[in-house]
Amino acid sequence: MNLSFRRKAVNAVMLTLTGVCTVLVAGSLLVILGYLAWNGLASLNVEFFTKLPTPPGEMGGGMANAILGSAKVLLVAMLIGVPIGFMAAVYLAEFGSGSFSGVVRYATDLLNGVPSIVIGIFAYAIIVLPMRHPSTFAGGVALGIMMIPIALRTTEEFLRAVPVSLREGAMALGASRSRTIFTVVIPAAKSGILSGLMLNLARVAGETAPLLFTTLGNPFWSVGWMQPTATLPQMIFTYAISPYDDWRRQAWAAGFVLLVLVLTVNAAARFTIGRTSARGRS
Amino acid sequence: MQSGEMSLSRRLRSGDPIAHTLTGMAASTILAITALLAYHLWVGSAEARETFGWGFITASTWDPVKEVFGALPFIYGTLATSFLALFIAVPVGLGAAIFLAELAPRGASDALTFMIELLAAVPSVVYGLLGLFLMVPFLQSTVVPALVAVLGFLPLFQGRFNGVSVFSAGIVLALMIVPFIVSVSREVLLAVPQDQREAALALGATRWETTWKVVVPYAMRGIFGSVFLALARALGETMAVTMVIGNKPQISSSILEPGYSIAAVIANEFAEAGGMHQQAIIELGLVLFVLTVLINGVARLFILSMKGGAK
Amino acid sequence: MTITKLFPAAVAALLGMTLASCGSSEQPQNLTGAGATFPNPIYSKWFSDYQKANPLIQINYQSLGSGAGIKQATDGTVDFGASDQPMTDDQISKFRTARMSGVLHFPTVMGAVVPIYNIPGVTGEINFTGAALAGIYLGKIKKWNDPAIASVNPDLKMPDAAIEVVHRSDGSGTTFVFTDFLSKVSPDWATAPGKGAAINWPVGLGGKGSEGLTGLVKQTPNSIGYTEMIYAAQNNITMGRVQNAASKFVKASPESVSEAAAQVPMPDDFRVSITNSPGDASYPISSFTWLLIPEKIADAGKRTVIVNFLKWMLGPGQAMAPALQYAPLPAAVVAKEQAAISAIQ
């Protein structure tokens with residue numbers, strides 16, 4: 001059959017265009033990484049990791065307290081969000097059925113879609129206001145709430161992926177339902193669950209909006225869990241919109257560090273389970 | 001963990017009620033949190049809702065001093081930036097998804113998809129940083145003058161461009177949401193049965209014609225779902241938007257003008273808003289919440305119906 | 001190995017650390033304050049130096065804007081606030097209701113709100129009349145070579161470029177001072193939008209905090225903004241001269257600000273406006289800035305810290321002001337404040 005020239009031309013053009021689109025999108029990542037590395041690496045020094053911030057106008061200083069602050073907030077978030085999401089997923093996968101499960105799933109989807117700034121307002125109302133001070137804990141609650149839906153979804157997905165034969169085998173040997181779950185099913189799914197946890201952490205590590213009203217900020221080391229604290233994303237925001245060249249330089253460095261951390265955890269998570277297709281995100 | 005001499009039924013049941021209860025409590029906690037969130041948004045905005053009624057959504061004056069609050073400029077800004085982002089991200093994202101699903105060899109496709117998905121992991125504040133110092137100057141020096149030279153007669157591109165604007169925010173948002181469109185669309189395209197393609201090719205269609213007229217329509221519901229997911233994400237974006245949108249509550253026909261989004265104004269004004277001002281800000285949060293719930297719901301419907309149809 | 005096993009241990013550790021940090025007043029004192037961005041450079045320096053001198057005392061000051069300072073102090077989520085706008089009677093009574101205590105204003109330094117601009121090719125100091133500033137911010141004066149500006153700047157070549165106006169997007173004491181001045185010199189401005197910390201701006205882009213506003217001006221060609229003078233100095237941004245009530249164009253400096261303050265008597269509650277002061281050498285957009293301290297502070301440790309800091313601020317703290325281009329308080333005001341400290345219970 002003789003295809004018309006026009007159809008062949010359209011074919012060639014459109015297919016090439018799709019390739020161009022791919023290059024544009026994938027290339028954007030390279031540009032972002034490159035530009036951040038270019039500006040960020042030049043500004044990174046040992047001081048960045050070891051020193052506290054200096055007053056505006058004074059050169060030098062670093063973000064040591066912000067790095068620790070972010071780590072502490074994420075720890076609290078993980079301790080709150082992961083157990084709730086994980087156990088609720090166990091419930092849905094192993095015990096649940098009927099309308100209660102449906103409602104829980106709907107609520108989880110809802111929670112997942114709530115913009116992070118709204119979660120910030122919520123955390124302010126239920127933690128900061130009654131306690132009458134901003135704190136690492138309040139920030140951890142806000143981020144923890146954000147972690148719940150993703151923890152639930154990834155855990156449930158991997159629990160369901162465990163073959164029924166494994167479960168039946170355990171129960172045939174006399175194990176109770178819950179013993180089966182905790183000694184057979186969960187271990188079988190653990191690499192998937194772990195990878196989901198890492199992706200989850202990486203996602204909330206970069207969140208700024210919920211921290212604006214909950215952790216506030218702190219030029220000093222934050223003591224314990226009930227004091228306001230500096231965090232990396234909040235410092236990036238504050239420094240980036242400021243006019244100080246030295247602060248902007250530090251914002252690049254911090255942005256680079258944050259991005260490298262987030263991307264590394266993401267890559268590691270995916271290699272943990274050898275998956276390359278997208279799951280568990282909205 | 002060896003059990004002692006117990007009857008089979010005892011063993012089967014032991015530990016179950018505890019696990020059942022504990023995990024059930026976790027599930028209930030999620031319900032409680034969501035309900036509490038909605039409750040706080042509703043109650044925290046009660047006075048504002050009573051005072052302004054539906055006029056809140058249609059009025060465009062935002063005056064904390066005179067306590068007159070209208071949300072229209074923020075709703076406009078949120079929708080304008082999000083739709084602009086979609087306008088750019090959907091064709092480009094769909095194009096990339098087609099390439100990755102239909103044309104690229106599996107290995108390269110997986111690697112490229114992995115890279116594109118990493119884009120979704122970049123934090124919003126980092127996008128803001130790049131937007132402010134890389135994208136905005138680039139738009140100012142190169143893109144917008146060219147755009148205005150060609151399309152300047154349109155009211156869409158009238159007026160002065162000073163960097164921070166609805167346009168800049170739309171571009172940054174497009175970059176942020178394109179990974180979702182690529183990722184989900186690629187998956188649904190890959191799930192289209194091979195016999196569909198083979199049938200079209202056997203009938204003499206070109207590769208492109210097969211893709212565009214057979215495969216994509218088959219996957220259309222899933223693609224729509226990805227678009228709505230991307231939209232929901234764009235609506236709620238805070239940091240990147242507030243750093244490049246200009247923070248001006250105004251409605252303009254030109255996208256080169258500065259604007260303001262709901263999330264951005266909440267971020268800027270919540271810490272200082274008391275009394276009726278705070279009520280109005282919380283009502284804005286409620287509006288955003290309802291908007292994202294609706295859009296997410298539509299997205300789920302599309303994607304679920306796609307999964308049901310493809311099986 | 002599993003998370004369910006780690007969890008109880010982690011919670012225990014978490015609780016342990018939490019309980020350990022709830023100490024008595026012999027322990028480190030951590031105070032939090034929030035508010036004005038106007039004095040942030042000197043407050044940050046003060047609190048940083050104070051902590052170096054008193055290692056156990058950390059006073060965490062967050063520059064969120066005067067509006068946020070007043071709100072957070074009223075909510076009680078910070079130990080003290082800071083504002084360049086004195087609290088209104090309404091705000092004070094709301095504070096009293098919420099915190100069961102009065103609130104005291106303690107002036108700390110004086111500063112100047114200066115017009116800053118970023119005009120490619122123009123590096124000199126532009127003279128601005130009050131009417132010109134009002135016209136620009138009303139959107140009536142649209143170009144840099146408008147006669148209202150050019151006529152008082154014969155030595156400068158003003159370009160035929162549109163003025164990009166930048167203002168604050170958050171509730172700001174700096175805005176209050178600026179609009180207070182504009183209301184005094186422009187009847188049009190006084191009618192609408194009037195003076196306030198967060199007004200309905202006729203034109204312009206919004207920057208968050210003095211930092212964000214100055215950053216925007218730095219990024220945007222042909223822009224104009226208003227901010228405390230130290231932000232201009234620290235970032236090599238040109239600032240203009242403003243015409244005062246005696247029709248002289250005055251450049252902002254600690255001296256011209258002190259001149260402005262000297263013309264105005266200080267009331268007992270320390271709430272006063274010194275914009276558009278009489279006197280040839282007075283800078284017309286000057287202002288005090290205040291710390292907002294609750295009258296009753298329940299925590300004895302915190303009360304001691306605040307009282308001691310205020311005394312330090314009125315002594316060695318004042319000496320640090322000129323280096324950061326703030327004007328130290330007049331001696332009479334210092335004396336008045338030292339007496340007022342005893343009102344803190």
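A word first on conventions: residues are numbered from 1 along each chain as its sequence is written, while chains are lettered from A and ligands numbered from 1 in the order in which they are written. Because the model is predicted, local features need pLDDT of at least 70 and side-chain atom pairs count only at pLDDT 80 or more, although totals for chains, interfaces and linings use all residues, and side-chain values use heavy atoms, with hydrogens and water left out.

Let me begin with the interface. Taking contact to mean heavy atoms within 4.5 Å, 88 residues of chain A touch 81 residues of chain B. The two chains bury about 7,500 Å² between them, 79% of it on carbon and sulfur atoms; buried area here is the accessible area, with a 1.4 Å probe, that two parts lose on being put together, summed over both.

Across this interface the rule finds three salt bridges, a salt bridge being a side-chain nitrogen of Lys or Arg within 4 Å of a carboxyl oxygen of Asp or Glu. On the chain A side, the largest share of the residues touching chain B, 19 of them, comes from helix 1, residues 5-43; helices and strands are DSSP runs, H or I over at least four residues for helices and E over at least two for strands, numbered from the N terminus. By class, that side of chain A has 60 nonpolar, 19 polar and nine charged residues, where Ala, Val, Leu, Ile, Met, Phe, Trp, Tyr, Cys and Pro count as nonpolar, Asp, Glu, Lys and Arg as charged, and the others, Gly among them, as polar.

Over all chains, the salt-bridge count comes to 29. Glu117(B) lies in helix 6 of chain B, residues 106-119, and Arg270(A) in helix 11 of chain A, residues 245-273, so this pair joins two chains. Their closest N and O atoms are 3.0 Å apart. Are these two partners buried or exposed? Glu117(B) is buried at 3% relative accessibility, and Arg270(A) is buried too, at 8%, with buried meaning under 20% relative accessible area, exposed over 50%, and partly exposed in between, for a 1.4 Å probe and protein chains only.

Within chain B, Arg233(B) and Glu237(B) form a salt bridge with the closest N and O atoms 3.1 Å apart; Arg233(B) is partly exposed at 24%, whereas Glu237(B) is buried at 9%.

In chain C, the side chains of Asp79(C) and Lys302(C) meet in a salt bridge at 3.1 Å, N to O. This pair links distant parts of the chain, 223 residues apart, with Asp79(C) in the loop between helix 3 and strand 3 and Lys302(C) in helix 12. Asp79(C) is partly exposed at 21%, and Lys302(C) is partly exposed at 23%. Shared partners also join Glu58(A), Lys45(C) and Asp49(C) into one network of salt bridges.

Finally, chain C as a whole has 13 helices and twelve strands, and of its 345 residues 59% count as buried. Among its contacts between residues at least 6 apart in sequence, 74% join residues at least 24 apart. Along its principal axes, the C-alpha trace of chain C spans about 75 × 55 × 35 Å.
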